[in-house]
Amino acid sequence: MSQNRLESHSGVAIDFTFNGKAYQGIAGDTLASALLANGVNVVGRSFKYARPRGIFGHGAEEPNAIVQLGSGAGTIPNLKATQVELYQGLQASSVNGWPSVNFDVMGLIGAFGRLMPPGFYYKTFMYPKKLWMTYEHFIRKAAGLGATPVEADPDCYDKLNQHCDVLVVGAGPAGLVAAREAARTGARVIIADEQSQFGGTLLASKQQVDGIAAPLWVASLVAELMAYSNIQMLPRSTVFGYYDHNFLTILERRTDHLGLISTRGARQRLQRVRAAQVVLATGAFERPLVFAHNDIPGVMLASSVSTYVNRYGVAPGNKLVVFTTNDNAYQTALDWQRIGREVVAVVDTRSNPCGDTVAAVKAMGIEVIAGHGLIEAQGSKRVKRALVAPINEAGTQVTGAVRRLACDLIACSGGWSPAVHLSSHTGAKPEWDASIVGFRPGDSKQQERSAGASRGTFDLMGCLSEGASAGAQAAMLSGYGDGNLQFPAIAVDEYSEQPQQALFLVPHTKTTSRAPSQFVDFQLDVSASGIELAVREGFESVEHVKRYTALGFGTDQGKLGNINGMAILANALDQSIAETGTTIFRPSYTPTTFGAIAGRDVNNLFDPERYTAVHRWHVEQGAQFEDVGQWKRPWYFPKQGETMQQAVDREGLAVRNSVGILDASTLGKIDIQGPDAAEFITRMYTNSYLKLAPGKCRYGVMLKEDGMIFDDGVCACLGDNHYLMFTTTGGAAGVLAWLELWQQTEWPELQVYFTSVTDHWTTATVTGPNARKVIAKVCSDIDLSSDTFSFMDWRDGTVSGVKARVFRISFTGELSYEVNVPAHYGRHIWEALIAAGEEFNITPYGTETMHILRAEKGFIIVGQDTDGSMTPADMNMDWVVGKNKAFSFIGRRSLQRSDTVRSNRKQLVGLKPLNDKEVLPEGAQVVFDAKQKIPMAMQGHVTSSYYSASLGHSIALAVVKGGHKRLGQVVYCPLADGRSIASEIVSSVFYDPKGERHHV
Amino acid sequence: MLLIYCPHCQENREEEEFSYGGEAHIVRPLAPEALNDKDWGDYLFFRTNSRGIHHEMWYHAVGCRRYFNATRNTVTYEILETYKTGTQPTITGANS
């Protein structure tokens, strides 16, 4: 049996290692209790001074025992040993203390601790700026923030969305009875607690409840709750965030207690709960006392010492000194005495303590040293003695001789701070209450109420009655029960208690700035003198002091240190704590894994993927794919041994010289019907559709009301009051919402209806000089002669036996037919066209070739050549703006704004690099003078750039200030590598400028 | 995450079903060309940016695809009412 394990406590042995050394714990242990049982004093090194640190608390408040579990892909950094349940084979190591906790190079810096005041990093490492990255690397490594795994997480995580009537947070005494009252009414109840067992403080209590020992009473109540079908009980589940409209998030740890990597389903589950009513029974944190060297291993919270003794059967030392400002901590002395270990003394800052527990301690013959402070702990890696001295009534001065008490354990208690975190998430501002020496939750901003210790009610009787009322009230407000209690009051032992003393900094014989460090925030080494120094340096706001000193910035988020820190600040500012106020708590309450937040939305489920009906054919042909929005589009179709450039050269030449085929199914398609359809469409586009006859198509540009191009595409008149609007692939959803916005909110009198039919149709674009010959082979009922079926016409017909719409529209500048068939026939029609085109060497091409071909023609791609700040005139597309439209279409007025008629706006031009094989990088900045000093005057940028096999040289589209009047000028693109590429400004139409090829 | 009552579906639905549509009750001028640049600019760019009561459009994008209006407190995020486009709010702030 380990040296500190009590003989009365036994269980199944569990082997584990800590920093490479083997130990044994027992079932039910946390890593912290097992380490204490094995007498491990030093569990880590502090952040700044690398001081040795031991286990201080027993729950979420633990600042020192921060560990990393395991190694490799499943490793988890930054866990609190107090919250890690022990399992067979657990491997843990300290996250800080490089290279070892017992010999630490940073300890050398610790020796110069006085050289590292608050703001040290700001002051020292800011200059020279370039070296910050170097400093940061060193600081991080030395300070030790744990190591993130470099491999993918092998575990899977889940999310669950739920509604409930009453969510009870915390399963201590208040939470348990609240859940019972609510469940009895029939309300759907969820009760969540971060610990493995329900019961909270009662699990370590020696009190009697309803005549039986508290842990037994908890067990029977939990069994009673489990019998309700309308209650969900979530142990190992931390409610870590409270968001708008009573939306709360719970991290449910399903298998963490079984091992590093889950072998049974999801490791953790993120529950997203919308609760009608919430009961916050989150308890309270005991507050440490701030005295000199209060960070030496062996100094602990009084309640933690009791918890280790009573719940885990671990005595973390031998000779105990209790240091307190209140009656509550006397219980620890009783617990310690009961297990037969020595209580050296209870040091109480109050001059005349006389409550029931005090009397019980005195009756045991334990010395109570009243009116004294424990002003300093001494020892290096373990407490050896405590220095005790009389202090004045106000607790501000040492008034007499110092006495030394030999001891190896100091249990301290400065009272309790309600855990107001979740209430604070809702925007409720915590309020200082001098009577409890703590912040109470502020007025509710949402449908919640606090009960028990989280509301500042610390006695068990009060917790139980408040919890019951809160449960009944929450149920009633969610529509269940009448708010009256369903269960009789619970009998508990009652003690009379004397008021505690408010003491946030224990005086020393030396002044705070001269005394040995009195730590406020252990994790980040913030001391009382540091806070006072911050005030002397001019900081007044609690939010500023927090950031300057790093108070509360650790992974424990100041659960222990914040109140003491604020009180010390208030004192230094000579104002009240209420005036000083508190910082705002924000989610997460405790650290939450990214895995749980991501859930299943990872890898191939990260985002939905959309495939066209021809997708499998593309895969079979070895296409490389490009993501366009959620669509997977063929990018290019490489043949054996081809590079991408070789493939797109071949594809492009095939279109220019014979025929190519493109899967254009992803283009957005919106079916528009109604008697006012033409009027509506005309209001949305820059040009008019009022006279567009059935069988005709028109290209249009859509603007936002600010006059900037938003989308473009062809709109076809299918019949009277019936149109089909094509949008860009990426813009489809946005355009539909845009149409609906105007119809619903501005012109509800227009009768027009929109239906997205994007996925209903497969579109195969057959393009090139031989396109007509290909179509003719599979379509006999459309007269394909250019006299009757000319450019910008469409026809109904039958293609390879399938009813089809064939559009003569062209994005390549070649003779083109876009064959649209219902998507179910997509692959059939595609293969029929491929077969028909075989004799012409029909070549499938992807988006890259499509981009090159359209760029050769100077056709813009919205979102690539435009960026939301381009008008049609900027794009040299004035021709698309209807000048005589009766209705002031969306965006028209803005085209006359002083800013949109400026002559030096960025305008679309072509760029031809002087070295005609050089391809400009897209996004490169354009300057007029390459020799000017940096920062150069930037005149525009390259929007599209390719090598054009058809033209035999590279081409680019760019927007350049006043570009339309600069044809022939040479501009420069300075690159990051120091080169500067010279190009001539040319027309944006490189190929077939007269547009003769698509009119054949 | 907000819980929003869609007046068309007549149900409370999660915020992720909706998208935000900006301030409500901004009427497009009937004769834009008659406005000078300043007045047109006011219509285009300027919003009340209310602290407190705010009337705004929401779009039930993955639900009924209808726009409606909400009266929301921009400080507390409380949604005080939702109402159909073309109707008026019953709750108005001092400055709205």
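Here are a few friendly notes on the structure, taken point by point.

1. A word on the model first: it is predicted, so please read each point below with that in mind.

2. Let me start with helix α7 of chain A, residues 302-310. Of its 9 residues, 9 are buried, so the helix is largely enclosed by the rest of the structure. The buried residues are Ala302(A), Ser303(A), Ser304(A), Val305(A), Ser306(A), Thr307(A), Tyr308(A), Val309(A) and Asn310(A).

3. What do the buried residues of α7(A) pack against? Two helices of chain A are among the partners, α1 (31-37) and α8 (330-338). The strands they pack against are β16 (284-286), β17 (299-301), β18 (319-324) and β24 (409-413), again of chain A.

4. Next, have a look at the open sheet in chain A, which is formed by 3 strands in the order β21-β22-β23 with antiparallel pairing. The edge strands are β21 (372-379) and β23 (403-406) of chain A, each of which pairs on one side only. From one strand to the next, the twist averages 30 degrees.

5. Within that sheet, β21(A) and β22(A) (residues 383-390) run antiparallel and are joined by 7 bridges.

6. Which residues make the contact between α21(A) and α22(A)? On the α21(A) side they are Val774(A), Lys777(A) and Val778(A), and these meet Ala832(A), Leu833(A), Ala836(A) and Gly837(A) in α22(A). By class, the contact of α21(A) with α22(A) comprises 5 nonpolar residues, 1 polar and 1 charged.

7. Finally, the two chains. Their contact takes 22 residues from chain A and 21 residues from chain B. Helix α20 (residues 732-745) of chain A supplies the largest share of the chain A side, with 5 residues. That side of chain A, where it touches chain B, divides into 10 charged, 7 polar and 5 nonpolar residues.

How values were computed
Residues are numbered from 1 along each chain as its sequence is written. Chains are lettered from A and ligands numbered from 1 in the order in which they are written. This is a predicted model: local features need pLDDT of at least 70, side-chain atom pairs count only at pLDDT 80 or more; totals for chains, interfaces and linings use all residues. Two residues are in contact if their C-beta atoms, placed from the backbone, lie within 7 Å. Helices (H or I, at least four residues) and strands (E, at least two) are DSSP runs, numbered from the N terminus. Ala, Val, Leu, Ile, Met, Phe, Trp, Tyr, Cys and Pro count as nonpolar, Asp, Glu, Lys and Arg as charged, and the others, Gly among them, as polar. A residue is buried if 20 or more other C-beta atoms lie within 10 Å of its own, exposed if 12 or fewer, and partly exposed in between; C-beta atoms are placed from the backbone. Two strands pair if DSSP finds at least two bridges between them. Axes are lines fitted to C-alpha atoms, for helices over the stretch in contact, and angles run from 0 to 180 degrees between N-to-C directions.
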